[in-house]
Amino acid sequence: MIEDLTARLRVESYLADYYAMLDSDRLEEWANYFTEQGTYRVTTRENYDQGLPLSLMSCKGRGMFRDRISALRTANIYEPHVYCHIPGWVRMTDKKPGMIRAESSFTVIRTMWEGDSMLFAAGRSFDVFSDEGGKLTLLDRTVVLDSRQVDTLLVIPL
Amino acid sequence: MTEPAAAETPFTWPGEDTSRVPYRVYTDPEIYELEQQRLFQGATWNFLCLEAELKEAGAYKTTWLGNAPIVVVRDQSGSFKAFLNRCAHKGAVLCYKPRGQITEFNCVYHNWTYDLDGKLTGVAFRKGVGGKGGVGPEFDQNAHGLKPLRVETYRGLIFGTFSDETPPFRDYLGPELIASIDRVIIKPLKVLGYHSQILPNNWKLYAENNKDSYHASLLHVFHNTFGVVRPNMGGGIKLSANGWHHLSYTERTAPNNDPTGMEKVRSLKDQYSLEDASVMEHNLELGDLVTNSIQTVFPTLVVQQILNALAVRQIVPKGIDRTELVWTVLGFEDDDEEMTELRLKANNLVGPAGFISMEDGCVGGFVQRAASADPTGQTVMPMGGRAIEPSQGSRVTEAAVRGFWKGWRECLGL
């Protein structure tokens, strides 16, 4: 019981750091939240529930994570905006020596440079952590958006 | 001073050709309404969905044609029918789920039923209860079916039209652009997934953007930064005879790494500055060296091949300044796991989060925002002169955009 509680708190704490990193534009740190061969995808509930493999954004290995951020910094054109992630409860779905699986819901409010704030995303994340030497690192993170509609564009990761 | 009669005066196109477009066409609700009647309900073929989404008899999918809700169904004989998704009784939406399986249409409101041909087969309490109530003697059940669309399929794509005057699809598109669909859809299709984008702009700004081959290397900086489209690459613009539809394509002049032209050329590796080049891997599955092929079927369909990322994009107007762009991302039925992986990776390039397409999500909004302030202003499209003609070798032209406006004017009679 205490062990489960501790594990859940560690996941919550990890996600709090992860969201703070995204929301405060420290995106160069993003890749390091994942293992060297870590995987990430953003998809929609429509795809996820039907078992369709398409992602809006997918990365495999830290090189691809860093490429996403260098494209965002140097190549892609978009209006300045920020996210405010609002995490929901974390539910641990599996725990083995060296590995934790967790599921949680989230919402994201996006604020544009002119001041318009809107509900940009609501959904769940399915996270698989490696748990080595008392340290969590994401092996895989699957973000499932409830809506298939993305307002305008998606450039900052979730 | 603007004359008060302006709102009632039919809109007249300012000027002889379509190299200038008045901002008003993006902002005037009256024009939006006119488009619904004359263009979307007029003599145009509009993409509805894919045969691959309706595999069994009774499978249906809901979709849109302009602002009209549509349902497409596969009937017992295997042919595809499409109807206005609206009960003939009170006008309620008939199918209110994205997809499903039915043996007949059934309106939840008052339980009116229709067969898969759209014929009204049942009216609840038609004869009343205990001899009282029911429909009047003059009610003709045969006169109250679902409103049908004409349907044609081509290479697994299902198109619909409300008009009897729309020419057969092959003639509508013309031989050259039919050939370019044949080039991309070489085998039975399979859906890899869906997503959509809400664009903060009039639908025509996105329709134009697809035909605007001038912007590709300028707005989408990723192309230059990471060497996707290089100046020494070949390509060009093809147009249908009437100018309505177009194809813009880019091709390598030679397979860079493999003189035999065998499959599995790792494209443009020499120029690469991304850490992980695998997102740009290209299996030359179509038997040529074309890396980008963007084709439009006027007014609302885009058929896309970018490396191995195949998709159809459907433009759905949602109001004068709001558009939903629905992406159906495709592979072929016989793709193996490796090929599917390649396509999924390449899809990082396109879609709402696409390295080379996300800008298209915001740039229409940039025009909408600035143009709305000035209903008397106009766009200027001088690239390639004023003509609407194909271009070999250069994509620095706005000819296809002018062709779009020619089609628009012909449909609207303006």
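**Entry 1: a charged pair across the interface**

Which residue of chain A does the side chain of R369(B) meet in a salt bridge? I looked this up first, keeping in mind that the model is predicted. The partner is E79(A), with N to O at 2.7 Å. I then asked for the count of salt bridges between chain B and chain A, and four came back. For polar contacts between the two chains, I noted 21 residue pairs, both residues at pLDDT 80 or more.

**Entry 2: who provides the chain B side**

Next I listed the elements of chain B that give two or more residues to the side touching chain A. They are β12 (189–199), α7 (221–225), β18 (323–332), α8 (337–346) and α9 (359–371). The largest share comes from β12(B), with eight residues. By residue type, I wrote down 19 nonpolar, 10 polar and eight charged for this side.

**Entry 3: extent of the interface**

How many residues of chain B are in contact with chain A? I found 37, and they touch 33 residues of chain A. The area buried between the two chains is about 3,200 Å². Carbon and sulfur atoms give 54% of that area. In chain B, the residues losing the most area to chain A are Y194(B), E275(B) and M358(B). Together, these three make up 17% of what the chain B side buries.

**Entry 4: a sheet that crosses chains**

I picked out one residue here: D151(A) has I198(B) as its bridge partner.

Then I traced the whole sheet, which is open and has nine strands. My note of the order reads β7(A)-β12(B)-β18(B)-β17(B)-β16(B)-β15(B)-β14(B)-β13(B)-β20(B). The pairing is mixed. Which strands are at the edges? They are β7 of chain A and β20 (391–392) of chain B, each pairing on one side only.

**Entry 5: two hairpins in chain A**

I turned to chain A and its strands β3 (residues 81–96) and β4 (residues 99–112), which run antiparallel with 13 bridges between them. R91(A) has its bridge partner in β4(A), namely E103(A). The hairpin of β3(A) and β4(A) has two residues between the strands, and there G98(A) takes a positive phi near 85°.

β4(A) is also joined to β5 of chain A, residues 117–132, by 13 bridges, and that pair runs antiparallel. In this pairing I saw F106(A) opposite G123(A) of β5(A). How many residues lie between β4(A) and β5(A) in their hairpin? The number is four, and G115(A) in the turn has a positive phi of about 115°.

**Entry 6: aromatic pairs**

I asked for aromatic pairs over all chains and got 30. One of them is Y18(A) with Y33(A), an edge-to-face pair at 5.6 Å centre to centre and 80° between the planes. Y18(A) sits in helix α1 (residues 2–23) of chain A, while Y33(A) belongs to the loop between α1 and β1 (34–44), so the pair ties together parts 15 residues apart in sequence.

**Entry 7: backbone notes in chain B**

Where is the cis peptide bond I flagged in chain B? It joins F298(B) and P299(B), with omega about 5°. P299(B) has its place in the loop between β15 (290–297) and β16 (301–306) of chain B. I located N111(B) in the loop between β7 (105–106) and β8 (113–114) of chain B.

Notes:
Residues numbered from 1 in each chain as written. Chains lettered and ligands numbered in written order. Predicted model: local features only at pLDDT ≥ 70, side-chain atom pairs only at ≥ 80, totals over all residues. Heavy atoms only, no water. Contact = heavy atoms within 4.5 Å. Buried area = accessible area lost by both parts, 1.4 Å probe. Polar contact = N/O pair within 3.5 Å; in protein donor to acceptor, adjacent residues only side chain to side chain. Nonpolar A, V, L, I, M, F, W, Y, C, P; charged D, E, K, R; others polar. Pairing = 2+ DSSP bridges. Phe/Tyr/Trp six-rings, centres within 6.5 Å; stacked < 30°, edge-to-face > 60°.
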